[in-house]
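Subject: Structure for you to look at

Hello,

Here is the structure I said I would pass on. Please open it and keep it beside you while you read the notes below.

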Protein chains: 2
Amino acid sequence: MRCEVLAIGTELLLGQVVDTNSAWLGEQLAGAGIDCHFQVKVGDNQPRIVAAIRQALARADAVICCGGLGPTQDDITREAIAEVLGVDLDLDEEVAARIEEMFRARGRTMALNNMRQAEVPRGAQVIPQRRGTAPGLICRLGDRSIYAVPGVPHEMRDMVERAVIPDLMARAGQSATILSRTLRTWGLAESTLAERLAPRIAALDSAVSGGAAAPTIAFLASGIEGIKVRLTAKAATQAEAEALIAAEEAAVRQVLGPAVFAVDGETMESTVGGLLVAAGKTLGVAESLTGGLVGSRLTAVAGASAWFRGSVVAYATEAKRALLGVGDGPAVSESTAREMAAGAATALDADVGLSFTGVAGPTDADGQPVGTVWVGVAYDGATDARLLRLSGGREQIRQIAAISGLDLLRRRLLGL
Amino acid sequence: MRCEVLAIGTELLLGQVVDTNSAWLGEQLAGAGIDCHFQVKVGDNQPRIVAAIRQALARADAVICCGGLGPTQDDITREAIAEVLGVDLDLDEEVAARIEEMFRARGRTMALNNMRQAEVPRGAQVIPQRRGTAPGLICRLGDRSIYAVPGVPHEMRDMVERAVIPDLMARAGQSATILSRTLRTWGLAESTLAERLAPRIAALDSAVSGGAAAPTIAFLASGIEGIKVRLTAKAATQAEAEALIAAEEAAVRQVLGPAVFAVDGETMESTVGGLLVAAGKTLGVAESLTGGLVGSRLTAVAGASAWFRGSVVAYATEAKRALLGVGDGPAVSESTAREMAAGAATALDADVGLSFTGVAGPTDADGQPVGTVWVGVAYDGATDARLLRLSGGREQIRQIAAISGLDLLRRRLLGL
């Protein structure tokens, strides 16, 4: 079973709105074991919408049209579908009554053009509206299906979960379940990852060609978020797919070791927070070039107050001295990084101190080239520091310094 | 001139990554006066990528392929383009040398598969890489063009601005110059903005229907970045377009007043920095719920050290007392916000203090509901505070608190 997604709206092509609906739909289709090979965005233009629907039905068993069901003149998805089906639009009395009722309930007078939303291609099945005023549609053309849902995300999601996915699965006589898991890594180049995993990928490929079901492995470089390794498994049941994924995760972790810092929606900061809680320790941070970025990431984790005491953003040299007790040495140096880490722990009454000092650019500073960063850690009465040499623009250097420093702390908390 | 966008990557179809690149590209194309009728997402599958490129070239003059240029086995955009062109891939010695140099500079050993990124379809022009290791491509097929750029957003944007849009405009023999200017606003609802500007928009519409060239006005609600008002003018020469835009900007500013805080790439923080420099003042910040976000935004401005002294992120109550001299009152209150602002100015030896305390959620705290935020300002020996009641999730509340507080300081520095 294959289904394409067609997102309709000129505002999507102009970049005024980012199309998040297609990504969500793609996730739902994958979860239901339905392949999605193409997703298309098209503007509010009937001939082009018609051409896009026809092409989708030529390549796939179904298409979900998202958007263009509103009451205004540029909402023409209904007309386009009717043209593809070769039928007229009829006023659906039941839908019309429901729209009138919705306006009455909200105490608003209804503009006449709202009745356009009660027009339905002849023979189509209506997905009743629950939230907005536009109903969805299920239409058949031979053995193919055309679904239409509104572009407003919460209305769309409701109708897709309630009617579209169940209809697609029923028509597919669906059995397979697809599961994905993403392992997030830091510290290895994409090419190094690829090289280390190559034997594993080759083994999986030959397992597939041998006829057995095997998971797949894919990489995704996410810049300042590290490199993601995605495992995907397809199986007859949820339990089988889960077992396949779990076994593959174990095999990949064996190869990548501590480079894996998080799974799926976890982040570097939530991992660090979890390790601090497990160790019963609190954290204080001292930031110079990162300017608050590290504190800001750590406090994005709900419940951070259990382990995060605060951060001293000492941008001015005198602030480093007054608040962190740093001596007279050069601002970007190993000794300053160590002093800042120890000073953060003391000033914030924390068990662990983490510090960042360096040159984010755009120009060299303190006799050090742009990209020179020292990260310091104060832990168990001792201090330690590491030198990073980063490239990129100012913001990239700040962001990479932040996650690199958190990774250093993670490895320290793991005893590595 | 028409150009389609082809976003390449299975992770996009599976919804693991939202395709924001296409939206950004659509905005750039529209700004350059180039039509974009279709945007397509396709997975890492060579026959399907080839079919999608061929179809785009059948419908349009050009296609921008985004993604699939990395070093791994599933990065096959280069191969697909070579197939469409009917040529082989050659190793580009110059690109290869640059990739090797990049690894050397970072002190990392290069895995061999990175050399895949130096392979170029025969006859293609290379867009040199500046940030990542993958170069972009400009290829011709008859009078059509195929562009390839990386999927990593900052690398993609750099290459598109530097090479793709200029090449497209040159090939379009673009005679008309299209200029856009974006006025960024904070503090007005979209409907209020629309209402205030309605007479201006009506005047422009009638000027157009009268045959004269007139700019256009469009709104773009950008959530935590405020609402953008985009002015676009089309004229025979750059100078004429600039004059049209300048006149329109003056008219719009007349209507919107101090709600306009920045133009184009300027930000709230760069505006605040400029006002501090003009006033000869330095700033110290105290943050609770924002956790470092404010300091991190301010230090994203190059040269911030001239006016930003630092920030005390006092997440723990004791840190507020020890580092900021805050008394025993409730943490989320007007008096604490005032004390934090004054304490930040003192502790960081700054002329102006700005503070944030509140409840970001997910649960109520200090007897205050989620979304309660106090912003304090210490200026010229006096303190002041304002209460915000924000809605949304934890991160949204933190972000809106940060920009709202900076806007409050901006208005204070403007003497409003």
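What follows is a description of what was found, going from the whole chain down to single residues.

Please keep in mind that this is a predicted model.

Overall shape

Chain A contains 13 helices and 17 strands. Its C-alpha trace spans about 80 × 60 × 40 Å along the principal axes. The radius of gyration of chain A is 28 Å, whereas a compact globule of 416 residues would have one near 22 Å. Of the 416 residues in chain A, 50% are buried. If you take the contacts in chain A with a separation of 6 or more, 65% of them are between residues 24 or more positions apart.

Where the two chains meet

How many residues of chain A are in contact with chain B? There are 68, and they touch 68 residues of chain B. On the side of chain A that touches chain B, strand 14 (residues 308-314) of chain A gives the most, with seven residues. By class, the residues on that side of chain A are 32 nonpolar, 23 polar and 13 charged.

Strand 2 (residues 38-42) of chain A and strand 2 (residues 38-42) of chain B run antiparallel and are joined by five bridges. To find the place, look for Gln39(A), which stands opposite Lys41(B) in strand 2 of chain B.

Another residue to look at here is Ala189(A), in the loop between strand 9 (177-185) and helix 7 (190-209) of chain A. Apart from its neighbours within four places in sequence, Ala189(A) is in contact with Arg108(B) and Ala111(B). The C-alpha atoms of Ala189(A) and Ile227(A) are separated by 8.0 Å, with the two residues 38 apart along the chain.

Strands of a sheet pair through backbone hydrogen bonds, either parallel or antiparallel. In this model, ten strands form an open sheet with mixed pairing, in the order 17(A)-16(A)-15(A)-13(A)-14(A)-14(B)-13(B)-15(B)-16(B)-17(B). Strand 17 (382-389) of chain A and strand 17 (382-389) of chain B each have a single partner strand, so they stand at the edges, and one side of each is left without a neighbour in the sheet. On average, neighbouring strands of this sheet are turned by 15° against each other, direction ignored.

Within this sheet, strand 13 (residues 283-287) and strand 14 (residues 308-314) of chain B run parallel and are joined by five bridges. Glu287(B) stands opposite Val313(B) in strand 14 of chain B. Helix 12 of chain B packs on the sheet and touches strands 13, 14, 15 (352-358), 16 (372-379) and 17 of chain B. The direction of helix 12 of chain B makes about 140° with that of strand 15 of chain B.

A pair of helices

Two packed helices are described by the angle between their axes and the distance between the axes. In chain A, helix 11 (residues 317-324) and helix 12 (residues 334-347) pack at an angle of about 50°, with their axes 9 Å apart. This angle is why helix 11 of chain A is called oblique to helix 12 of chain A. Helix 11 of chain A contributes Lys320(A), Leu323(A) and Leu324(A) to the contact, and helix 12 of chain A contributes Glu339(A), Met340(A), Gly343(A), Ala344(A) and Ala347(A). By class, the contact of these helices has five nonpolar, one polar and two charged residues.

In chain B, helix 11 (residues 317-324) and helix 12 (residues 334-347) also pack at about 50°, with their axes 9 Å apart.

Backbone details

Most residues other than glycine have a negative phi, and most peptide bonds are trans. The following are exceptions to look up.

- A cis peptide bond joins Gly361(A) and Pro362(A), with omega about 10°. Pro362(A) is in the loop between strand 15 (352-358) and strand 16 (372-379) of chain A.
- Gly361(B) and Pro362(B) are likewise joined by a cis peptide bond, with omega about 10°.
- Asp349(B), which is not a glycine, has a positive phi of about 55°. Asp349(B) lies in the loop between helix 12 and strand 15 of chain B.
- Asp366(B), also not a glycine, has a positive phi of about 50°. Asp366(B) is in the loop between strand 15 and strand 16 of chain B.

Regards

Terms used:
Residues are numbered from 1 along each chain as its sequence is written. Chains are lettered from A and ligands numbered from 1 in the order in which they are written. This is a predicted model: local features need pLDDT of at least 70, side-chain atom pairs count only at pLDDT 80 or more; totals for chains, interfaces and linings use all residues. Helices (H or I, at least four residues) and strands (E, at least two) are DSSP runs, numbered from the N terminus. The radius of gyration is taken over C-alpha atoms; the globule rule is 2.2 Å times the number of residues to the power 0.38. A residue is buried if 20 or more other C-beta atoms lie within 10 Å of its own, exposed if 12 or fewer, and partly exposed in between; C-beta atoms are placed from the backbone. Two residues are in contact if their C-beta atoms, placed from the backbone, lie within 7 Å. Axes are lines fitted to C-alpha atoms, for helices over the stretch in contact, and angles run from 0 to 180 degrees between N-to-C directions. Ala, Val, Leu, Ile, Met, Phe, Trp, Tyr, Cys and Pro count as nonpolar, Asp, Glu, Lys and Arg as charged, and the others, Gly among them, as polar. Two strands pair if DSSP finds at least two bridges between them. Angles under 35 degrees count as roughly parallel, over 145 as roughly antiparallel, 65 to 115 as roughly perpendicular and the rest as oblique.
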